[in-house]
Amino acid sequence: MTDLRSSEIHDELDGDTLHEECGVFGILGHPDAAALTALGLHALQHRGQEAAGIVTFDGKQFYTEKRMGLVGDHYTDPATLAKLPGYISIGHTRYSTTGEVALRNVQPLFAELEVGGIAIAHNGNFTNGLTLRRQLIADGAICQSTSDTEVVLHLIARSKQTSSSDRFIDAIRQMEGGYSMLAMTRTKLIAARDPIGIRPLVMGELDGKPIFCSETCALDIIGAKYIRDIENGEVVICEIQPDGSISIDARKPESRRPERLCLFEYVYFARPDSVVGGRSVYVARKNMGVNLAKESPVEADVVVPVPDGGTPAALGYAQQSGIPFEYGIIRNHYVGRTFIEPTQQIRAFGVKLKHSANRAMIAGKRVVLVDDSIVRGTTSVKIVQMIRDAGAREVHIRVASPMIFHPDFYGIDTPDRDKLLANQHSNLASMCRYIGADSLEFLSIDGLYRAVGGMPRDPQAPQFTDHYFTGDYPTRLLDQEAASNVRKLSVLASNG
């Protein structure tokens, strides 16, 4: 018998979920810049739990604090915030999809360039990042991290433009993929969004000072006012002037492409209280449940959400179907990483470390389990068995998104294609038998589109990024195309 490390137990529990890469927050001209950034990152913690970093500037020099772990573990300490003086700040909370888990990869990344110091943080992924990195290294560049964000710093350094703003724009115009990016210099806070707007980015204001962040919930936590979404392909440059005023220069591409926000922001990633692309995430998820009940009704006694992601959809399903909603599964929010020696016996607890059946609401009943998505299906197997062990007569699974067939390359950490449940079974009946449910149904792609945008999917011009369901990737995937022809990057082990 082989014991598992704590990280392996964590993978066993979390390996059947999707992970967002990160969240960003920045503010210009405020005396409490670092503290506000820490609060904003706390609101964005759901977008990444591996590490967090903050960079500030106080008029004389830059300061940085990067820590592994949660925002609240470090940045609530007044001593830590005291190390971050200044009136400009950007911060980042990270879940890695490129590069290993190491302190050197924690953003924001900083570099001293000819035009002065610059710090950069981004949410998403560049689909040509490795291709550009190899070209830069071949030309003599030295890379200190395995994060694709570092490529942008090298491109800024090599740009022939004169101002830091123009160098930044020159650099990101060479990048492809899905990203929202913040940069700060001694006087500027710069925000940019990818050409088709896959990843979200919003602008707000507090005490007349501009703020940029991944979601509106980060504005709410500090009492800031929402101004607008940054448009796809747009770069907004905010700069402190000699008289203390702040200028705002919004630069838009000459030929703007249609926006295609990532549908998984609505299905899973964004916080329910956020507004993404002008749409309430909570309302969209509830609509998914309503449409799911219309498409896949079933005779049952109770609707139970798989917490926490399935809760709004389960409410919608219950209201549309008339079947009572109950919390039949209780989530343990404090499990974190395994807190005891991970023996095989402990591993057998499986999903029960995170979820417990509420027997009083389940025993003797026909249960509709509503989940937001199914990735590999391993967690679904354990949850169905847990519900049956609690005495359920029948277990019917309803999923508030379509089947996932394809991996993502824009900042979502997805398993390899052959590890996805939809690709391991030839039909829905086989999937249902594997999971152990009495029935299994997924929301249709049109049902999802109607829930979010009100209209069915336009196959000629899809309104959202949806490749994980459809295989329709919105950009070129240069790194994937070149993967078989290049050597693997070296990785220096780090204790950080």
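Reader: Which residues touch the most other members of the largest nonpolar core?

Author: A nonpolar core is a set of buried Ala, Val, Leu, Ile, Met, Phe, Trp, Tyr and Cys residues joined through side-chain atoms within 4.5 Å. Buried means under 20% relative accessible area, exposed over 50%, and partly exposed in between (1.4 Å probe, protein chains only). In this predicted model, the largest such core has 42 residues, and Phe-264, Tyr-266 and Met-288 touch the most other members. Elements that each supply at least two residues include helix 9 (264-269), helix 10 (281-295) and strand 20 (366-371). Helices (H or I, at least four residues) and strands (E, at least two) are DSSP runs, numbered from the N terminus. Helix 10 contributes the most, with five residues. Another core, of 26 residues, lies apart from it and includes Ile-120 and Leu-136.

Author: Two remarks on conventions apply. Residues are numbered from 1 along each chain as its sequence is written, and side-chain values use heavy atoms, with hydrogens and water left out. As the model is predicted, local features need pLDDT of at least 70 and side-chain atom pairs count only at pLDDT 80 or more, while totals for chains, interfaces and linings use all residues.

Reader: Which elements do the buried residues of helix 17 pack against?

Author: Packing is read from contacts (heavy atoms within 4.5 Å). The buried residues of helix 17 are Gly-447, Leu-448, Tyr-449, Ala-451 and Val-452, and they pack against helix 9, strand 16 (279-280), helix 10 and helix 18. After helix 17 comes Gly-454, with a positive phi near 90 degrees.

Reader: Is Ser-159 buried or exposed?

Author: Ser-159 is buried, because its relative accessible area is 6%. It sits in the loop between helix 6 (149-158) and helix 7 (164-172). Its side chain reaches the backbone nitrogen of Gln-161 at 3.1 Å. Not counting residues up to four places away in sequence, Ser-159 touches Arg-167 and Asp-170.

Reader: How many residues line the second largest pocket?

Author: Rolling a probe the size of a water molecule over the atoms shows where empty space is left. On a 1 Å grid over the protein atoms alone, a pocket is an open set of points where a 1.4 Å probe fits, with protein on both sides within 12 Å along at least five of seven lines; lining residues have an atom within 4 Å of a point. Here 17 residues line the second largest pocket, and the closest to its centre are Met-175, Asp-194, Pro-195, Ile-196 and Arg-257.

Technical notes
Polar contact = N/O pair within 3.5 Å; in protein donor to acceptor, adjacent residues only side chain to side chain.
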